[in-house]
Amino acid sequence: MGTDGIAVFSRDVTKVFGRGDTQVHALRGIDLNIRFGELTMLVGPSGSGKTTLLSVITGLLDATSGELVVLGRRPAKLAQEELILFRRENLGFVFQQFNLIPALTAAENVAVPLLAGGTKRQQAVQRGEEFLATLGMAHRAHALPSELSGGEQQRVALARALVHEPKLIVCDEPTSALDGRTGHAVMDLLSATAVRPDRAVIIVTHDSRIFDFADQIAHMDDGRITSLEQNRKNGSLANGLAPISGALPLGDPELRASPATGD
Amino acid sequence: MNFVALKMLVADRAKYFSLIFAIAFASFLLANQISIFIGIMTRPSSQIRDVVDADIWVMDPQTLYSDEVYALRDYDLYRVRSVPGVQWAVPLYKGTGRAKGPDGRFRTVILMGVDDATLVGAPRKMLMGSIYDLDQPDAAIIDKAGFLYFFPGDPLQVGKTLQMNERRVLIVGISDASAPFQSFPVLHTRYSQALGFVGRERNLLSFVLAKPAAGVPPAKVCRAIEATTGLRARSAAEFSLDAFLFYLRNTGIPVNFGITVMIALIVGTVIPGQTFYIFTVENLKQFGALKAIGVTNRRIVGMILLQALVVGGSGYALGMGISAAFFARTLNYMPTRGIIFPWQVMASIGVVVLLVVGLASLISIRRVLVLEPAVVFRG
């Protein structure tokens, strides 16, 4: 299996917190491929390791062992500054509690990743307004988060995750703070706007109502992937612990990840 | 990201204003207490500073400061004049006496007897009359505060009389003499006249005022006078410092003001520091999200420092504005006259505020720097 089309390649990734008697094995040998153009969900009970895996994939936590390649780069090999730059340029985040900055308007919140990248304020905010308009939120661009409903806040958070055209979107329980209908609407929007042939989306969720939006579902328990469902969105479910064949022919120092062409 | 930092700062107006007012209050308290302390502690040297003609004060070797004097013998004047490096030397009487007003009210007054021939030591800041009017019999110049005490409600005018030692004192001028420590009225008269206004002692020569020859440093001449005469000689600056240190060591004033200054420092450090820290902690989630998104630690430190600087700068400016207004208002009030707001105090408080907000932001920054960005995934 080559790197073509693979956004995230994980082999035998482990994560251990603490030392000695207080050790906690949060991840126990994770094997997982996440492809461009697909929406992958990590599901499982609390404490199963979903959020830890998401943190490791995004470079917010270091893996203890194993091989992890994200968008052709090995987070473990990147210096702190490089890792920050890598996240800023390539990753988009959607958080459970939205984590919008209360003092900023919706458009300004959307502009934050651009501002972090050095874009001028006026230009960044204008881009934020434009992006909100594409999500049908133009009329709320100047509202503060406190003036927005939960669904609207999550749409602003989604816009913030997408505005800088990242290659990997990670969402942590994006619908858990929303009612069923709003959650569904947010997922509709996320599927329509975030999933592109040159981008991968990872969602951590408990919410079984949104499983049908997934191309791939990784069921986790006790730090392991217990089963992998493929192509659920298309109705052709392939259940079971999917074999992840072969090792990536990793060409060090950096791997080239080629986004799928959409075919 | 600067505008993000500023918007985060002002979003919670209650906290924002409480931060500014805490720093403004502490700045005002510090400015107020330190300036008044300096003003009061320089009052004992008022009469020294008001003598602008002479650079050297010669006195009894055991003199501690200007308000307690043991008279010299008359011939000491000539001994000083004979010292090489002394351009000229004149006598000065400084003592206290009791003056009585026309309505019977009396007060202890500071009596300055200046050299009859040269009027060296006479007040230079005159509000009414002239120092040359001291030539008149029984003439004296009184300071404004003294005039207002003895003649309450009367407009400033010359020609009024007081009584000292059963003798008439004719007011020929009103001076703007620096306020003395004891707040006594200050009277200037001729040396020969002063002898009549106070009870006669065998010796009345309080000080010899001297001027060094051109180009000779006063300190060098002082040492020469001391070596030649055995008297104590101090430059005006040294003698002013003597008075300052005497009151510093022998009164409770520094303790009193020190306590207030300490309270101001504690209030000024703890309240803004704690509020700023709480403000940062409440925003930890936002900072965590920013770190996850890819904002560098350096950028976040910059944001926090900017917030601290804005808060500190605003509070400091407000505090200094209130202080300036306070001292402008009290400058012409008789009991507080002459107490000013020195720029050095203003600058020092600026440094203190900078340290306070710096300290507060350092503690806050530490919390943010050790924050794992992964915290944003913990709902």
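Which residues is B:Ile23 in contact with, leaving aside its neighbours within four places in sequence? They are B:Gly268, B:Pro272, B:Val311, B:Gly312, B:Gly315, B:Tyr316, B:Gly319 and B:Val353, where contact requires C-beta atoms, placed from the backbone, to lie within 7 Å.

Colleagues, this is a predicted model, in which local features need pLDDT of at least 70, side-chain atom pairs count only at pLDDT 80 or more, and totals for chains, interfaces and linings use all residues. Residues are numbered from 1 along each chain as its sequence is written, while chains are lettered from A and ligands numbered from 1 in the order in which they are written.

I turn next to the meeting of the two chains. Here 26 residues of chain A are in contact with 19 residues of chain B. On the side of chain A that touches chain B, helix 2 of chain A supplies the largest share, 5 residues; helices are DSSP runs of H or I with at least four residues, numbered from the N terminus.

Finally, a pair of helices within chain A. The axes of helix 5 (residues 150-162) and helix 6 (residues 180-193) of chain A come within 10 Å and cross at roughly 20°; these axes are lines fitted to C-alpha atoms over the stretch in contact, with angles running from 0 to 180 degrees between N-to-C directions. Helix 5 and helix 6 of chain A are therefore roughly parallel to each other, a term for angles under 35 degrees. Among the residues making the contact are A:Leu158 of helix 5 and A:Leu189 of helix 6 of chain A.

Definitions and conventions
Helix = DSSP H or I, 4+ residues; strand = E, 2+ residues; numbered from the N terminus. Parallel < 35°, antiparallel > 145°, perpendicular 65-115°, else oblique. Contact = placed C-beta atoms within 7 Å.
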